[in-house]
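Subject: Handing over a structure

Hello,

Here is the structure I promised to pass on to you. Have a look at it first, and then read my notes on what turned up.

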Amino acid sequence: MLKMENVSKIFRTELIETHALRKVDLHIKAGEFVSVTGPSGSGKTTFLNIAGLLETFEEGDYYLDGQNVKGLNDNQLSDLRNQKIGFIFQSFNLLADLPLFQNVEVPLRYRGMSAKERKQRVEHALETVGLASRMQHLPTQLSGGQQQRVAIARAIAGEPKFLLADEPTGNLDSLMAQQVMDLLEKINEQGTTIVMVTHDDQLARRAHRNIQIFDGQVSDMEMNATAELVKSA
C-alpha cells in the first residue's frame, strides 16, 4: 500500500517558490498497476521521486507499506528504499563495462547478501526478462529493448514490493515498448505493485488505473476515484 495525505513539495530559490506538488491525496493498493500522466512540468517526476524516497516533502504524511516515512533520517530512508522499492529509468542506467550478470548483481551487494543468494536472484531475474542466455554479454551488445529488460531485471532482483518506473519506454520504438509493457504486466500479475510515469496515453490505458497530475495536483476526477477506492478498501 502506498498512501499520501495532503503531501506538498515546494522548490525554493532566493526569488521564487515553485509548488511542485499541492496537497496530494492518493491511495494505491497493494498489487495495483497505476500509470501517472500529465504535461511536462506538472509534477509527475517529483511525485515519483517522493514515492521512491528520493526526495523529501514539506507537508503531509506518506505511508509506504503501512509505515509513515515522515521524520525518518537519511539512513532509515535508504534502508526502507533498498528493501521495498525497485526503480526503472528511461535511460537504463547500466554500467557499460560490466556484463549483464554483474549489472543486475550490483544493488544486491549493498544488501549484504551471500554470493549464493545473489547468484540465484540474478539468474532468476534475467530468466524472468528472457535474457538468461546472455548474462555474460555487455550492455553495448544488446538492443535498446533488451537493455531496458536488463534494467527491469536489476529492479526486480531485490524482490521489491513496489516497482517505480519513470518513462520506461521513452527511448524505445513502439514494438519494443509493447514488449516492455508485456513484461511489466507479467511482473504485476505476480504481485508487485507498479507505478509508471508515461507520456504515452496508449500505454497508460494498459494500467489498472490512471492518475493525472496537473500543476502539482491530482485531477479532480482521479481524486474522486481515489476517495471511492479508499472507502471500499
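Let me begin with charged pairs: the structure holds 13 salt bridges, a salt bridge being a side-chain nitrogen of Lys or Arg within 4 Å of a carboxyl oxygen of Asp or Glu. Before the details, please keep in mind that this is a predicted model, in which local features need pLDDT of at least 70 and side-chain atom pairs count only at pLDDT 80 or more, while totals for chains, interfaces and linings use all residues. Residues are numbered from 1 along each chain as its sequence is written, and side-chain values use heavy atoms, with hydrogens and water left out.

**Salt bridges**

One of the bridges joins the side chains of R118 and E105, at 2.9 Å from N to O. This pair links distant parts of the chain, 13 residues apart: R118 sits in helix α4 (residues 115–128) and E105 in helix α3 (residues 100–109). Helices (H or I, at least four residues) and strands (E, at least two) are DSSP runs, numbered from the N terminus. Both R118 and E105 are buried; here buried means under 20% relative accessible area, exposed means over 50%, and partly exposed is in between (1.4 Å probe, protein chains only).

A second bridge brings together the side chains of R121 and E159, at 3.7 Å from N to O. R121 belongs to helix α4 and E159 to the loop between α5 (144–156) and β7 (162–166), so the pair ties together parts that are 38 residues apart in sequence. R121 is buried, at 15% relative accessible area, whereas E159 is exposed, at 54%.

Then there is D182, which forms a salt bridge with R206, with the closest N and O atoms 2.5 Å apart. Because D182 lies in helix α6 (residues 174–189) and R206 in the loop between α7 (201–204) and β9 (209–214), this pair ties together parts that are 24 residues apart in sequence. D182 is partly exposed, with a relative accessible area of 42%, and R206 is partly exposed too, at 22%. Elsewhere, a network of salt bridges links D65, K84 and K161.

What does the side chain of N188 reach? It reaches the backbone oxygen of G31 at 3.1 Å and the backbone oxygen of T192 at 2.9 Å. Polar contacts like these are pairs of N or O atoms within 3.5 Å; within protein, one must be able to donate a hydrogen and the other to accept it, and residues adjacent in sequence count only if both atoms are side-chain atoms. N188 is found in helix α6 and is buried, with a relative accessible area of 7%.

V34 lies in strand β3 (residues 33–37) and is buried, at 0% relative accessible area. Leaving out residues up to four places away in sequence, V34 touches I28, I194, V195, M196, A207, R209 and I211, where contact means heavy atoms within 4.5 Å.

**Nonpolar cores**

The largest nonpolar core has 36 residues, and those with the most contacts inside it are V104, L126, I152, L163 and L184. By nonpolar core I mean a set of buried Ala, Val, Leu, Ile, Met, Phe, Trp, Tyr and Cys residues joined through side-chain atoms within 4.5 Å. At least two residues of this core come from each of α3, α4, α5, β7, α6 and β8 (193–197). Apart from this core lies another, of 29 residues, including V7, A51, F162 and L164.

**Helix α2**

In helix α2 (residues 74–84), L77, L80 and R81 are buried. Seen down the axis of α2, its buried residues fall within an arc of 100°, so they line one face of the helix; the arc is that of the directions from the helix axis to the C-beta atoms. These buried residues pack against β4 (59–64), β5 (67–68) and β6 (85–89).
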